[in-house]
Amino acid sequence: MTLRVHRAPPIKAAISVPPDKSMSHRAAMLAAISDGSCTVRNFLMGEDCLGTIRVLRQLGVAITDAGPGEFLIRGCRGSFTAPEGDLDCGNSGTTMRLMSGLLAAQPFSARLIGDDSLSRRPMKRIMGPLGLMGGNLRTEGPGDCPPLVVDGNPALRGIEYSLPVASAQVKSAVLLAGLFASGKTTVIEPVATRDHTERMLNHFGVTVHREGNRITVSGGCFPKARDFTVPGDVSSAAFWFVAAAAQPGARLCVRDLGLNPTRTGVLGVLLRMGARIREEHRSQGPGEPSGLVEITGSPLKGTIIVGKEIPNVIDELPVLAVAGALASGTTIIRDAAELRVKESDRLAVVAHHLQAMGADVTEHKDGLEIRGGKPLRGATLPSHGDHRIAMAFAIAGLFADGETVIEDTACVETSYPGFERQLREVVDGRA
């Protein structure tokens with residue numbers, strides 16, 4: 001599949017975006033280990049999240065399609081049944097890493113596999129702490145990469161673990177394993193990462209203690225049956241945020257959007273760059289806040305994205321790099337080496353693709369320096385099987401002379417089913 005994009009006039013649109021991917025994964029997993037029946041509404045029907053549903057069904061969890069984007073999940077009280085065959089996580093690192101935490105305490109072995117992209121992503125980060133808890137994990141691929149075999153140990157023990165690198169996936173895997181362990185399990189973050197797991201554990205009746213960057217759960221406290229409705233994904237909205245923010249005269253409203261403060265760093269970055277943004281929170285409280293965001297386009301200027309801000313914009317950095325190329329002045333992104341072990345080496349791919357479109361970019365070991373303001377020109381760009389690369393450069397194509405061709409865009413279905421259709425609607429003024 002290819003996606004062809006041309007320069008577009010300033011967009012004027014009011015849209016909704018697909019449900020949040022991170023929350024969809026977690027809602028399915030917590031409902032699956034709960035003590036009763038849970039309805040998960042507005043679930044993301046992308047390939048990554050459906051992979052989690054498929055894996056849970058293989059583990060004996062009864063999951064019924066209850067309507068468009070809706071599943072009735074009958075919790076197994078934390079006791080899965082041994083799967084027949086491998087557990088295929090597809091392209092989803094979240095599925096593999098978080099499920100490893102749940103599988104570490106089961107009384108059977110499971111082998112988790114993935115597609116070519118996931119099979120190149122290292123799993124050592126979760127093997128370390130889960131091994132300290134008594135879990136037995138090993139990889140069969142080169143360089144600590146999948147397939148990942150988990151030989152379950154029902155006698156896990158709680159630990160106190162300091163994350164060497166800020167990672168919400170590793171934090172979540174350890175906290176989920178901690179529900180099955182004896183005693184308390186504490187994860188200490190070097191900087192705060194997205195806190196969906198903690199918020200959703202609270203929603204499902206599990207007490208999570210937080211003191212600064214120390215997060216603690218107690219063993220034996222399993223989720224209660226609760227329904228959950230997933231709000232829109234701010235990472236998916238980020239593509240439209242940049243498309244509107246960088247176009248003077250553009251106006252965009254995104255409705256029913258998750259506004260968890262550990263996920264809205266992209267709005268803070270765009271504000272510094274000069275975007276005019278209005279947030280309206282409509283759902284508050286201990287769960288997941290949600291509301292709408294309005295953006296009015298204006299000339300952007302470069303900014304610096306480093307340090308503690310990085311974990312909260314990690315998924316949005318490809319499209320923020322595009323914003324940097326469209327801004328005046330220099331945008332510096334550093335402390336983002338994590339991008340090299342995503343679905344692609346995103347630092348290398350973003351640098352290459354922006355240069356192919358005429359931007360002035362320097363690639364560093366842990367980031368990018370983008371001297372913005374040069375006119376972009378259309379180019380033919382491979383996605384490298386990375387959904388966020390494909391969508392970020394589709395947005396870049398809206399600002400380029402000539403035609404921009406994004407190759408191999410089937411990967412977009414992992415997180416944003418219907419992206420191309422919505423792109424046409426937004427550009428044509430039908431949204």
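Start with everything shown. For 431 residues, a compact globule would have a radius of gyration near 22 Å, and this protein has 21 Å, which agrees. That radius is taken over C-alpha atoms, and the globule rule is 2.2 Å times the number of residues to the power 0.38. Along its principal axes, the C-alpha trace spans about 60 × 40 × 40 Å.

A word on what you're looking at: this is a predicted model, where local features need pLDDT of at least 70 and side-chain atom pairs count only at pLDDT 80 or more, while totals for chains, interfaces and linings use all residues. Residues are numbered from 1 along each chain as its sequence is written, and side-chain values use heavy atoms, with hydrogens and water left out.

Now switch to cartoon view. You have 12 helices and 23 strands to explore; these are DSSP runs numbered from the N terminus (helices are H or I, at least four residues; strands are E, at least two). Next, colour by burial: 59% of the 431 residues are buried. Buried means under 20% relative accessible area, exposed means over 50%, and partly exposed is in between (1.4 Å probe, protein chains only).

**Stop one: strand β11**

Select residues 184-188, which make up β11. Is this strand mostly enclosed or open? 4 of its 5 residues are buried, so β11 is largely enclosed by the rest of the structure.

(Two strands pair if DSSP finds at least two bridges between them.) Look for Ser162 in particular: its bridge partner in β11 is Ile188. To get from β10 to β11, the chain passes through helix α5 (residues 168-178), making a right-handed β-α-β crossover. Right-handed means that, with the strands pointing away from you, the path from the first strand over the helix to the second runs clockwise.

**Stop two: Leu176**

Stay with α5 and click on Leu176, which sits in that helix. Leu176 has a relative accessible area of 3%, so it counts as buried. Which residues does Leu176 touch, leaving out those up to four places away in sequence? They are Leu30, Leu98, Gly101 and Leu102, where contact means heavy atoms within 4.5 Å.

**Stop three: an aromatic cluster**

Show the side chains of Phe239, Trp240, Tyr416 and Phe419, which ring pairs link into a cluster. Rings of Phe, Tyr and Trp (its six-membered ring) pair if their centres lie within 6.5 Å; planes under 30 degrees apart are stacked, over 60 edge-to-face, and the rest tilted. By this rule the count comes to 6 aromatic pairs. In one of them, Trp240 and Tyr416 have ring centres 6.5 Å apart and planes at 80°, so the pair is edge-to-face. These two are 176 residues apart: Trp240 is in helix α7 (residues 234-245), and Tyr416 is in the loop between β23 (404-407) and α12 (419-427). Tyr416 also pairs edge-to-face with Phe419, at 5.2 Å centre to centre and 75° between the planes. Trp240 is buried at 0% relative accessibility, and Tyr416 and Phe419 are both buried too.

**Last stop: a hairpin**

Finish with β20 (residues 360-364) and β21 (residues 367-371), an antiparallel pair with 5 bridges. A hairpin joins the two through 2 residues. Pick out Val361, and you'll find it opposite Ile370 in β21.
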